[in-house]
Amino acid sequence: MTADKLPPKHRGTGQRVVWLGVLVAVLAAMVLLSLAVGARSIAPGTVLPALFAVDPDNGDHEVVGSRLVRTVAGLVVGLALGLAGTSMQGVARNPLADPGILGINAGAALAVVAGIFFFGAANVSSYLWFAFAGSAIAAVVVYAVASLGRTGATPVKLALAGAAVAAGMGSLMSAMLVSSQDSLELFRSWQVGALAGKSWESILAVLPFMAVGVVILLGTGRLLNTLALGDDMARGLGQRPGVGRAVSALGIVLLCGSATALAGPIAFIGLVVPHLLRGLFGPDYRWLLPMSMVAAPIILLLADIVGRVVLLPGEVPAGILAAMLGAPVFIAVVRRGKAAEL
């Protein structure tokens, strides 16, 4: 059997490096498209000069500068959601795990609404801690509910518990929002998952927490590989599953809380990316975790770019387009048998 016909899990390091190069090239192209495409199109030859030789009297340069903020926001939010979703699937041994499906984003969103409603939080810096607390509480509640019964927290029970908790938190959010017009106006543009209108101050506010979450989760690749064999086997290989899951959960909460505080609840990114990457890099989390940081921003930036031009002169928020693009991709991956079992 030739190398190009080997199953994905048998591909060698050389092929993985090639695919990594392809993903990096696609991400670079997506960044340039994000800077050039919109209600006002910018010629590709103008983009780089607008970044490195800014002319304050050039209108195109000003447009590129404004798009740079939302492009960087898309990069960091996509990175956080992709890495968190990949880690969640490994920790829970659940191919359906995702910050949106398991209610983590809903918990962060409810906490942010509570911060807006009760404490007057009005920007990312002020409600970031609410997002962290909401993410952590939602994760604990979902896992506790799913663990009830003899079978424990199975993949199906986790998904059902996540859906139930998300629905309940959504009801609480609605109750607070309908009783305060000011809270509703502030929350409206945030809740759909949009990259537009972000500021450098907002991005800088979440970056330190994202950096800590990235460092934590990138160090769990070997742990997730052994957890895939079962807790007993993991203990036999010298791992401590309980401690490892707790550390991973901390990284996941930091990334999900930061991403949700910055851009609102964006679903499907963390669900689709790991499945796509397993077809290229196999089931080794030492590859999947860093590669998710490259692949997820590609999908989110693509959603943002399409959203800018699909309904001109208006635009569709990236969170809505991400779900529309992610759902059929996920279904196609499952139907073709490329979503390998964990």
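Predicted model: local features only at pLDDT ≥ 70, side-chain atom pairs only at ≥ 80, totals over all residues.
Reader: What share of the 342 residues is buried?

Author: Buried means under 20% relative accessible area, exposed over 50%, and partly exposed in between (1.4 Å probe, protein chains only). Here, buried residues make up 48% of the 342.

Reader: How many helices and strands does the chain have?

Author: Both are DSSP runs numbered from the N terminus: helices are H or I with at least four residues, strands are E with at least two. This chain has 14 helices and zero strands.

Reader: What does the span of α8 look like, and where does α8 bend?

Author: The expected span of a helix is 1.5 Å times one less than its number of residues. Helix α8 (residues 200–218) has 19 residues and reaches 26 Å from first C-alpha to last, close to the expected 27 Å. For a bend, take the angle between axes fitted to the seven residues ending at a position and the seven starting there. In α8 that gives about 35° at Leu 207, with Pro 208 following within four residues.

Reader: Which helices do the buried residues of α8 pack against?

Author: Contact means heavy atoms within 4.5 Å. The buried residues of α8, among them Ile 203, Val 206 and Met 210, pack against α3 (59–92), α5 (124–147), α9 (221–227), α11 (241–263) and α13 (285–309).

Reader: Which residues touch the most other members of the largest nonpolar core?

Author: In soluble globular proteins, nonpolar side chains tend to be buried together. A nonpolar core is a set of buried Ala, Val, Leu, Ile, Met, Phe, Trp, Tyr and Cys residues joined through side-chain atoms within 4.5 Å. The largest one has 86 residues, and Val 77, Leu 255, Leu 262, Ile 266, Ile 269, Leu 277 and Phe 281 touch the most other members. Its largest share, 15 residues, comes from α13. Leaving aside residues up to four places away in sequence, Leu 255 touches several residues, including Ala 80, Met 210 and Leu 217.

Reader: How are the rings of Trp 129 and Phe 132 arranged?

Author: A pair of aromatic rings is described by the distance of the centres and the angle of the planes. Rings of Phe, Tyr and Trp (its six-membered ring) pair if their centres lie within 6.5 Å; planes under 30 degrees apart count as stacked, over 60 as edge-to-face and the rest as tilted. The count comes to six aromatic pairs. The rings of Trp 129 and Phe 132 have centres 5.6 Å apart and planes at 80°, so they are edge-to-face. Trp 129 is exposed at 57% relative accessibility, whereas Phe 132 is buried at 8%. Ring pairs also link Phe 209 with these two into a cluster.

Reader: Why is α4 described as largely enclosed?

Author: Because 13 of its 16 residues are buried, α4 is largely enclosed by the rest of the structure. One of the residues in α4 is Ala 109, which is buried with a relative accessible area of 1%.

Notes: Residues numbered from 1 in each chain as written. Heavy atoms only, no water.
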